[in-house]
Amino acid sequence: MKVKETFFLSHGSPTLSIDESLPARHFLKSWKDTVFPHTPNSILIISGHWETHHPSVNVIAPPNPNDTIYDFYGFPKPMYKLKYPAPGAPHLAKRVKELVLASGVADRVDEDTKRGLDHGAWVPLMLMYPEADIPVCQLSVQTQKDATYHYNLGKALAPLKEEGVLIIGSGSATHNLRLLKKNSTTQPSWALEFDTWLKNTLIEGKYEDVAHPWPDHFYPLHVAMGAAGENAEAKLIHHSWSEGALSYASYQFTSA
């Protein structure tokens, strides 16, 4: 099966894993019915929660599943009992390394044989594919690099779509945790303006500021865009807010 689409998902707060009041949770639970009905051969997910100096892939070989990483603190205890034991995708990890090195985007790709999936990966995937039966590989971001680098990183990965791999960037359309307000239903102007600018820029195909004081949650978007290829069509597939300024805007990119 060939895949034409790549995706950028705003995974928001870790409470997405248990909070039924979040519209984004219901959006992700309806994934197979409303967004992507196909079953990919494997999934490559780029999460803003794995930062490394060099591109890194987790290489988890059968029969061991991916570990569930609880990289969040002070949340309700039931969240620390959740598991997402998706099988690893060591062949995909090797392909990612091969493609990135061949492209010249990076001259080194590290293999991590112990790391599992952080919450930027397992929380959305747990809702999208609750059976945890699709092999998953995770790729890191390099926050010392720029957006163009991550776009080119995505371009290097584009052939994976021909091999039935679903490529997902998992970050956040806005991500300034210091300015979130619990239970707030009002969006501050800076968040609204950036969120609207992002939507208009992507959908109109014109390819960071206070909305992203650190780029870790934005670069997965560039990887997804790069993997979709030039002239890809962008589509807003979900939009909601929580804690005032946390946007769950998510996008689909369809190759031309």
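Me: Is Ala132 buried or exposed?

Reply: Ala132 counts as buried, because its relative accessibility is 10% and the cut-off for buried is under 20%. Keep in mind that this is a predicted model.

Me: Where is Ala132 found, and what is its phi?

Reply: Ala132 is in the loop between helix 4 and strand 5 (136-141). Its phi is near 55°, a positive value in a residue other than glycine. Most residues other than glycine have a negative phi.

Me: OK, and Asn231, what about its phi?

Reply: Asn231 is not a glycine either, and its phi is positive at about 65°. Asn231 sits in the loop between helix 7 and strand 7 (233-238).

Me: Buried or exposed, that Asn231?

Reply: Exposed: the relative accessible area of Asn231 is 67%.

Me: Which residue follows helix 7?

Reply: Gly229 follows helix 7, and its phi is positive, near 95°.

Me: How many residues of helix 7 are buried?

Reply: Ten of the ten residues of helix 7 (residues 219-228) are buried, so the helix is largely enclosed by the rest of the structure. The buried residues include Tyr219, His222, Met225 and Gly226.

Me: Which residues does the cis peptide bond join?

Reply: The cis bond joins Pro62 and Pro63, with omega at about 5°. Pro63 lies in the loop between strand 3 (56-58) and helix 3. Most peptide bonds are trans.

Me: Where does Phe72 lie?

Reply: Phe72 also lies in the loop between strand 3 and helix 3. Phe72 counts as buried, at 4% relative accessibility.

Me: What is Phe72 in contact with, leaving aside neighbours within four places in sequence?

Reply: On that basis, Phe72 is in contact with Pro14, Met79, Tyr80, His119 and Trp122. Phe72 and Asp118 are 46 residues apart in sequence, and their C-alpha atoms are 9.3 Å apart in space.

Me: Changing topic: how many residues has the largest nonpolar core?

Reply: The largest nonpolar core has 34 residues, and those with the most contacts inside it are Trp31, Ile43, Tyr84, Leu125 and Tyr129. Helix 4 gives the largest share of this core, seven residues. Among the other elements that each supply at least two residues are strand 1 (5-10) and strand 2 (42-51).

Me: What is Tyr129 in contact with, again leaving aside neighbours within four places?

Reply: The contacts of Tyr129 include Trp31, Phe36, Ile43, Tyr84 and Leu166, and also Lys32 and His38.

Me: What does the second core include?

Reply: The second core is separate and has 24 residues, among them Val109, Val141, Tyr149 and Leu157. In soluble globular proteins, nonpolar side chains tend to be buried together.

Me: At what angle do helix 3 and helix 5 pack?

Reply: Helix 3 (residues 90-103) and helix 5 (residues 147-157) pack at about 120°, with their axes 8 Å apart. The two helices are therefore oblique to each other. Helix 3 passes helix 5 in a right-handed crossing.

Me: Which residues make that contact?

Reply: Helix 3 uses Val96, Leu99, Val100 and Ser103, while helix 5 uses Leu153, Ala156 and Leu157. Six of the residues in this contact are nonpolar, one is polar and none is charged.

How values were computed. Residues are numbered from 1 along each chain as its sequence is written. This is a predicted model: local features need pLDDT of at least 70, side-chain atom pairs count only at pLDDT 80 or more; totals for chains, interfaces and linings use all residues. Side-chain values use heavy atoms; hydrogens and water are left out. Axes are lines fitted to C-alpha atoms, for helices over the stretch in contact, and angles run from 0 to 180 degrees between N-to-C directions. Helices (H or I, at least four residues) and strands (E, at least two) are DSSP runs, numbered from the N terminus. Angles under 35 degrees count as roughly parallel, over 145 as roughly antiparallel, 65 to 115 as roughly perpendicular and the rest as oblique. A crossing is left-handed if the near helix is turned anticlockwise from the far one by less than a right angle, and right-handed if clockwise. Contact means heavy atoms within 4.5 Å. Ala, Val, Leu, Ile, Met, Phe, Trp, Tyr, Cys and Pro count as nonpolar, Asp, Glu, Lys and Arg as charged, and the others, Gly among them, as polar. A nonpolar core is a set of buried Ala, Val, Leu, Ile, Met, Phe, Trp, Tyr and Cys residues joined through side-chain atoms within 4.5 Å. Buried means under 20% relative accessible area, exposed over 50%, partly exposed in between (1.4 Å probe, protein chains only).
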